[in-house]
Amino acid sequence: MSSSVSDCPPVFELRDIDFDYGRAERTIRGVNVRIAAGELTAIIGPNGAGKSTLLHLMNGLLRPRSGSAMIEGQVAVEMDPLVRARAVAYVPQASRVQFPFTVKEIVQMGRRPHLGLFSDFGDQDKTIVDAAMAATHIENLAKRRFNELSGGEAQRVILARAIAQ
């Protein structure tokens with residue numbers, strides 16, 4: 001007997017989620033979703049429909065007005081941020097970096113949740129960072145400053161950081 005992706009426990013589960021930004025009309029109303037590991041899910045809709053808000057709820061970055069958002073069976077907003085970062089990587093629509101970090105340093109930041117407070121990167125971390133950079137085709141940008149990249153290059157770097165995470 002084979003099992004399907006839908007038989008797997010959910011990585012994300014939204015239970016009757018409602019959310020608003022203090023407006024009379026709810027941004028998100030009555031959403032129920034289960035997403036298992038390995039399952040591909042798309043969130044589509046017009047601008048302003050609440051797609052980014054839904055992702056923020058799923059990742060525990062916003063607290064729902066009612067209902068619950070779960071990550072691997074835990075309430076997302078109640079998770080320790082470090083534990084949540086080990087479970088979920090998030091790629092925002094836009095990223096700003098105030099300090100002159102190199103591309104490689106930005107990608108390495110994805111490994112931080114997996115290291116101790118004063119730990120340095122080990123061989124496995126370096127391998128993961130290199131693989132993430134190769135997967136996003138940014139090896140040639142490694143020494144460039146993040147804040148000097150084009151928008152598309154910067155998005156690939158943030159994607160590489162999420163892969164490394």
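**Aromatic rings**

I started with Tyr-21 and found it partly exposed, its relative accessible area being 42%. This is a predicted model, so I keep in mind that side-chain atom pairs count only at pLDDT 80 or more.

Next I looked up Phe-19, which has 7% relative accessibility and so counts as buried, the limit for that being under 20%.

How many aromatic pairs are there? I get two. In one of them, the ring centres of Phe-19 and Tyr-21 are 4.8 Å apart and the planes stand at 90°, so I note the pair as edge-to-face. For that label the angle has to be over 60 degrees.

Phe-99 and Phe-101 also make an edge-to-face pair, with 6.2 Å from centre to centre and 70° between the planes. I checked the accessibility of both partners. Phe-99 comes out as exposed at 55%, while Phe-101 is partly exposed at 29%.

**A charge over a ring**

Which residue has its charged end over the ring of Phe-121? I find Arg-112 there, 5.1 Å from the ring centre.

**The largest pocket**

I then turned to the pockets. The largest one has a volume of about 630 Å³. I list 24 residues in its lining, and those nearest the centre are Phe-12, Thr-41, Leu-55, Met-58 and Ala-89. Which element gives the most? My entry reads α1, with four residues.

I sorted the lining of the largest pocket by class as well: 16 residues are nonpolar, six are polar and two are charged.

**The second largest pocket**

For the second largest pocket I noted a space of about 220 Å³. Its lining is made of Asn-59, Leu-61, Pro-81, Arg-84, Ala-85, Val-88, Ala-89, Tyr-90, Arg-161 and Gln-165. Where does the largest share of this lining come from? I trace it to helix α2 (residues 81–87), which supplies three residues.

By class, I count six nonpolar, two polar and two charged residues in the lining of the second largest pocket. Arg-84 and Arg-161 are both on my list for this pocket, and Arg counts as charged.

One more jotting, on Ala-89: I have it among the residues nearest the centre of the largest pocket, and I have it again in the lining of the second largest pocket.

Key. Residues numbered from 1 in each chain as written. Heavy atoms only, no water. Phe/Tyr/Trp six-rings, centres within 6.5 Å; stacked < 30°, edge-to-face > 60°. Buried < 20%, exposed > 50% of the residue type's maximum accessible area, 1.4 Å probe, protein only. Lys NZ or Arg CZ within 6 Å of the ring centre and 35° of its normal. 1 Å grid on protein atoms, 1.4 Å probe; cavity = no way out; pocket = protein on both sides within 12 Å on 5 of 7 lines; lining within 4 Å. Points joined across faces, edges and corners; volume = space filled by probe spheres on them. Helix = DSSP H or I, 4+ residues; strand = E, 2+ residues; numbered from the N terminus.
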